[in-house]
Amino acid sequence: MTNQQQPKSNADFDAIVIGAGFSGMYTLHSLRDKLGLNVTLFEAGNGVGGTWYWNRYPGARCDSDSYIYCYTFDKNLLQEWNWSERYPEQDEILRYLEHCAERFELKPDIQFGKRVVAITFDDETTLWTVRTDKGDTVTSRYVIAAVGSLSTANVPPFKGLGSFKGKWYHTSQWPHEGVDFTAKRVGVIGTGATAVQAIPEIAQQAKHLTVFQRTPNFCVPARNGKVDPEISKARKADYNGVRERIKNSFFGFELNFIPKSVLQTTPEEREKEFDRMWDDGGFGFWLANYQDMFFSKEANDVIADYLKRKIRATVNDPVVAEKLVPKTYPYGTKRQPLDTNYFETFNKKNVLLVDASTDGPIEEITPNGIRAGGKEYPLDIIVIATGFDALTGPLKNLGIKGRGGKALTDEWKDGPLTYLGLLAAGFPNLFMITGPQSPSVLSNMPVSIEQHVEWITECIRYMREHKLTTIEATPQAQEQWVAHVAEIAGATLMPQANSWYMGANISGKSRQFLPYLCPEGVGGYRKKCAEIAERGYEGFMFDGVSRTETTESRAAE
Ligand code: N01
């Protein structure tokens, strides 16, 4: 269908996309080039890349294998791009996304350096008005929030931070010119996936490094390395197969659980499997372990024990090793960090671990450093690796007001309310990509991003073909979906950790499992979304009328 055939609208744009990361770039390409829509994209940064534009801390690299951490929608792009490493560094991924922006001629439709600050739905015109911090006020039929799941930095309100005489940086707002740690006393706060990448790099350069740990993490070796050209060739020859396998997999990787309970194995048998996964490196240990790992604490303990033994065998000082061994949550219930010499770094003479539970928590930041457990640690630079207000934070920051002027922040004060993680009741035509209550961060992101972008594209195509103006979730479908997401998570061990998946890292944030752990994996979720669309978008309302009502009234006519 061409643009001329579309329902008339006085909007400035058919669609406004927010964010120029993996998801926003593909959305722009898809809506503009497949549907012929008039689209603009607002991006707060001065370049494309999203996560890979902002996160430039030392050691920043992808934790997914490069051959599947990329777009797969374009066969030629898959053939022409060559990744240098198993896990490419931040600047290589950024180069890839810049290449894509050029290749698909996206930049003319991107407005850089503009942060969206308000999005308001007009009940009369059924259009959205989008405002930016640079004074733009434009209207649009559809808004697609491609704002990322981990893009709102969490800078905890440390007492005294403003008094620090040295420099401090949050890892996700890293200076583009880099930071020189030579001859500096550096403190890193946090030991999540980011810090696990940064700490070994910083320790190599700094005069002294003090790591402030609140909760230790289970780590598995990344085993990065150059990509073997023969393997790369074979993958390129089989990209159709690769694409189908990751689309229909559990987590968006070429990984599958071991279809057996770990409790039904002999110690020798499971040790062999653990060694294999450990030697392979990457997410296999986490996402392709014995199938009961996420469900049975007894099974989980057996698997966790292997990783605890690895820490004790790597760290020379047994007191330091004990501080680094996680003891308060089941393995895998926090995001798996992949490491390169992380535990080894604590054997270096210039590295000190300050553990909140044994040495005392951070009390304040002083002009000269950090005071923890009654002791001041003098520092020149503080690296704040404390993560993000995950999934809901980026959406709440958009200043969204839906039908009747209802604010998203009010509607979501006790947690997100969505249907399929794609749309919310009372917020028509406001699509979310990899938002809360979708598989999102529990999957290889590009796989879930492509699925959402393609679903949204087909949904808008359907609306335009059927001359439908608005789509939103019905309150009933939304309520059922929210309950379903919670019920599935409740059957696993995931709620037992104080993780950002649970919103536990942000004080005052309601505690609930934020992504959707589909029992049939991302493949099952994809199928579910497709079937709902095939059934005429069951659970959604078009122009305020639910699909069931539409079908019933048509039948009555
Ligand atoms: O953040 P985190 P991150 N006082 O929230 C600690 C993705 N990622 O930036 O565990 C003291 O995981 C906090 O302690 P605790 C990936 O999905 C992707 O490391 O809450 N400490 C924790 O140790 C990842 O999961 C790649 O007790 C405080 C740390 O800070 C996500 O980004 C690479 C504190 C925060 O860990 C976030 O990772 C890297 C406080 N007040 C990251 N508040 C890729 O490969 C928090 N902490 C794509």
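Guide: Aspartate 65 is buried, because its relative accessible area is 17% and the cut-off for buried is under 20%. Keep in mind that this is a predicted model. The partner of aspartate 65 is arginine 86, and their side chains meet in a salt bridge, N to O at 3.0 Å. Aspartate 65 sits in the loop between helix H2 (51–54) and helix H3 (75–80), while arginine 86 sits in the loop between H3 and helix H4 (90–103), so the pair ties together parts 21 residues apart in sequence. Arginine 86 has 21% relative accessibility, so this residue counts as partly exposed.

The side chains of arginine 103 and glutamate 80 meet at 2.6 Å, N to O. Arginine 103 belongs to helix H4 and glutamate 80 to helix H3, so this pair links distant parts of the chain, 23 residues apart. Arginine 103 is partly exposed, at a relative accessible area of 27%. Glutamate 80 is partly exposed too, with 38% relative accessibility.

H3 matters for the next stop as well: a cavity. H3 and helix H6 (229–237) each supply at least two residues to the lining of the largest cavity. H6 gives the most to that lining, with 3 residues. In total 13 residues line the largest cavity. Nearest its centre lie Tyr67, Trp81, Trp83, Ser232 and Tyr239. The volume of this cavity is about 130 Å³. The structure holds 7 cavities of 30 Å³ or more.

Now back to charges. The whole structure contains 34 salt bridges. One of them joins glutamate 454 to arginine 243, with the closest N and O atoms 3.9 Å apart. Glutamate 454 lies in helix H16 (residues 445–465) and arginine 243 in helix H7 (residues 239–247). This pair links distant parts of the chain, 211 residues apart. Glutamate 454 counts as partly exposed, at 21% relative accessibility. Elsewhere, salt bridges with shared partners join Arg32, Asp33 and Asp109 into one network.

The largest nonpolar core has 110 residues. Tyr96, Tyr331, Phe431 and Trp455 have the most contacts inside this core. H16 gives the most to the core, with 10 residues. Take tryptophan 455. Leaving aside neighbours within four places in sequence, tryptophan 455 is in contact with Leu422, Leu423 and Phe431, and also with Cys529, Ala530, Ala533, Tyr537 and Phe540. A second, separate core has 32 residues, among them Tyr169, Val179, Ile199 and Ala206.

Strand E14 (residues 369–372) and strand E15 (residues 375–378) pair in the antiparallel sense, over 4 bridges. Glycine 369 stands opposite proline 378 in E15. E14 and E15 form a hairpin with 2 residues between them. In the turn, glycine 373 has a positive phi of about 55°.

Notes: Residues are numbered from 1 along each chain as its sequence is written. This is a predicted model: local features need pLDDT of at least 70, side-chain atom pairs count only at pLDDT 80 or more; totals for chains, interfaces and linings use all residues. Side-chain values use heavy atoms; hydrogens and water are left out. A salt bridge is a side-chain nitrogen of Lys or Arg within 4 Å of a carboxyl oxygen of Asp or Glu. Buried means under 20% relative accessible area, exposed over 50%, partly exposed in between (1.4 Å probe, protein chains only). A nonpolar core is a set of buried Ala, Val, Leu, Ile, Met, Phe, Trp, Tyr and Cys residues joined through side-chain atoms within 4.5 Å. Contact means heavy atoms within 4.5 Å. Two strands pair if DSSP finds at least two bridges between them. On a 1 Å grid over the protein atoms alone, a cavity is a set of points where a 1.4 Å probe fits but cannot get out, and a pocket is an open set with protein on both sides within 12 Å along at least five of seven lines; lining residues have an atom within 4 Å of a point. Grid points are joined across faces, edges and corners, and a volume is the space filled by probe spheres set on the points.
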